[in-house]
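Subject: Handover of a structure and notes on it

Dear colleague,

Please find below the structure that I am handing over to you. I would be grateful if you would read the notes after it with the structure open.

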Amino acid sequence: MEATTVLLVLFVSVLLLVLSKLIIMSLVIAKRKRNNLPPGPWTLPAIGNLHHFIGSPNVQHALRRLSQEHGPLMMLRLGEVTAAVASSPEAAREVMKTHDVAFSDRYVNGTFSALTFGGNDFAFAPYGERWRQLRKICVHELLSASRVLSFRRIREEEVWRLMENLAASSGTGTAVDLRKMISRFINDTFVRESVGSRCRYQDEFLDAVDTALRQTSGLGVADLFPSSRLIKVLDMAPRKVLACRNRIQRVLEQIIQETKEAGTGPSEGFVGVLLRLQMERSTPILLDDDTIIAVMFNMFSAGNETSSTVLTWCMTELVRNPEAMAKAQEELREAFNGKNMIAEDDLKGLSYLKLVIKETLRLHPPAPLVHRKCREACQVMGYDIPKGTAVFVNMWAICRDPNYWDGPEEFKPERFEDSDLDYKGTNYEFLPFGAGRRICPGINLGVANIELALVSLLYHFDWKLPQGIEANDVDASEAIGLVSSKKTGLIMHPVTRIPPAPANAMKESLAYWLKHMSSI
């Protein structure tokens, strides 16, 4: 009798357990049915949709291919992460304007959290009062029009140094890797804008940033399966990122300390501005050294890499399209009429050059994917987006949408003639710098850092490819990463057409500029 009772109790217990599981499953299924989720590709157990990315190392390329099959707004499951992908101007408008507040958080995985100082930075901080105050400081104190103008002397001097190095290579007939030279030029310019002078830690810092960004460029296993402790132990990427973050922090701490000891002056850079605000205690939030370090990391990593990438792509596309190159050079050489020194004030009135920059930004938006996170459940294009969903706006796909662009894969600067399209975040078919509350605040500085350099590269030099290489052979593939940088070098022979000014002329010009600025 006792054995029968035990068996009966055991049977009832198992039955109740099975019934409870079925009830839970039915509730989950019913909830899913109630939610009108966006369509998406078929999934596999555990990995979700990750198998659709096999053979497509560039995530934005794979996402465009999937969106062409499943629509401009689709839902994916990347391991344990649920993500919505917007791939049309209409979807982007709803995410970045109509429901901008609901999507005003950045999607930050564990690796990114380690790299960005746990959200203590500006670019990836959660939306809220602290983020608003940090943005206000960046926009009004670091990236204002007057601040950008104050760096004009630095930009002109660094451009002249780049021209001098290229003229020396031209004189010997030596080929150069223009991508590397552009990267070094932007690095030097941005460091001086940030610190006010050259920095002996520059190479160490930039190496740490570059290594960290490479580690965060793909779909990290630990970030796709955040609940798995075993994967966290086995995946080395987060630890490598943290080691890079620690190197970055040590360098910035040293720069801050040396800047404090040196004091600020007329060449006050970003670090000096932040330290001055810290000393004045004039900001609504605490601007301690840790916050300054996090903000400066954003400034270095975002501004430096973006400007270098855009300038490299400008030259790459012009080399690949000789007619556009000739048209740009003709405009510049007619405008400047043999001058051997060009200043930023001389750039007013140039038209085709600005079209070249716009078309480059369209084909190669520096940040191809914009990362957002749904803070509160809402509807986009009639579909339900649950709270906590990661959201990716595929800028790269939108800027190549054949419904909005004629010949979207072709480099045609003329497409922007007689057009009011700009990159300030109001035209949703053209969003190379994003839109809404999270739009890039450094657009003016980024463009200023490349305009004079691009003009000078085209004005002073003709460019020849190595023997046996045709324009169509120039590689235009993109590296894997957050920034769509060029994957390979750009090997070219500079041929001096209009010699740049000699060193003494440059010094006299700088002396005049400093005297003029001191009298304002």
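**The chain as a whole**

Please bear in mind that this is a predicted model. The chain holds 19 helices and nine strands. Of its 520 residues, 52% are buried. Among contacts with a separation of 6 or more, 76% are between residues 24 or more positions apart.

**Helices H15 and H18**

Helix H15 covers residues 322-336 and helix H18 covers residues 443-460; their axes come within 9 Å and cross at roughly 90 degrees. An angle of 65 to 115 degrees counts as roughly perpendicular, and H15 is therefore roughly perpendicular to H18. From H15, the contact is made by Met325, Ala328, Gln329, Leu332, Arg333 and Phe336, and from H18 by Val455, Leu458, Tyr459 and His460. By type, the residues of this contact divide into seven nonpolar, two polar and one charged.

Gln329 of H15 deserves a separate word. Its relative accessibility is 10%, so Gln329 counts as buried. Leaving aside residues up to four places away in sequence, Gln329 touches Leu458, Phe461, Asp462 and Trp463.

Ile450 is a residue of H18. With a relative accessibility of 3%, Ile450 is buried. It touches Ser307, Val310, Leu311 and Ile357, again not counting residues up to four places away in sequence. Ile450 and Ile186 are 264 residues apart in sequence, yet their C-alpha atoms are 8.2 Å apart in space.

**Helix H3**

Which residues of helix H3 are buried? In this helix, residues 89-98, they are Pro89, Ala91, Ala92, Val95 and Met96. Seen down the axis of H3, these buried residues fall within an arc of 160 degrees, and they therefore line one face of the helix. Lys97 and Thr98, on the other side of H3, are exposed.

The buried residues of H3 pack against both strands and a helix. The strands are S2 (81-86), S4 (369-373), S5 (378-380) and S7 (390-394), and the helix is H17 (395-398).

**Cysteines**

A disulfide is a covalent bond between the sulfur atoms of two cysteines. How many disulfides does a search of the whole structure find? The search finds zero. Cys374 is in no disulfide, and the nearest cysteine sulfur, that of Cys378, lies 4.5 Å away.

Is Cys374 buried or exposed? At 2% relative accessibility, Cys374 is buried. Cys314 is also buried, and its relative accessible area is 0%.

Most residues other than glycine have a negative phi.

Ala46 is placed in the loop between helix H1 (2-34) and helix H2 (59-70). Its relative accessibility is 53%, so Ala46 counts as exposed.

Arg281 is exposed, with a relative accessible area of 75%.

**Two further positions**

The loop between helix H13 (270-280) and helix H14 (289-320) also holds Asp288. At 28% relative accessibility, Asp288 counts as partly exposed. Asp288 and Gln278 are 10 residues apart in sequence, and the distance from C-alpha to C-alpha is 6.9 Å.

Asn165 lies in helix H7, which covers residues 152-172. At 41% relative accessibility, Asn165 is partly exposed. Asn165 and Val176 are 11 residues apart in sequence and 10.0 Å apart in space, C-alpha to C-alpha.

With kind regards

Key: Residues are numbered from 1 along each chain as its sequence is written. This is a predicted model: local features need pLDDT of at least 70, side-chain atom pairs count only at pLDDT 80 or more; totals for chains, interfaces and linings use all residues. Side-chain values use heavy atoms; hydrogens and water are left out. Axes are lines fitted to C-alpha atoms, for helices over the stretch in contact, and angles run from 0 to 180 degrees between N-to-C directions. Helices (H or I, at least four residues) and strands (E, at least two) are DSSP runs, numbered from the N terminus. Angles under 35 degrees count as roughly parallel, over 145 as roughly antiparallel, 65 to 115 as roughly perpendicular and the rest as oblique. Contact means heavy atoms within 4.5 Å. Ala, Val, Leu, Ile, Met, Phe, Trp, Tyr, Cys and Pro count as nonpolar, Asp, Glu, Lys and Arg as charged, and the others, Gly among them, as polar. A disulfide is a pair of cysteine sulfur atoms within 2.5 Å. Buried means under 20% relative accessible area, exposed over 50%, partly exposed in between (1.4 Å probe, protein chains only). The arc is that of the directions from the helix axis to the C-beta atoms.
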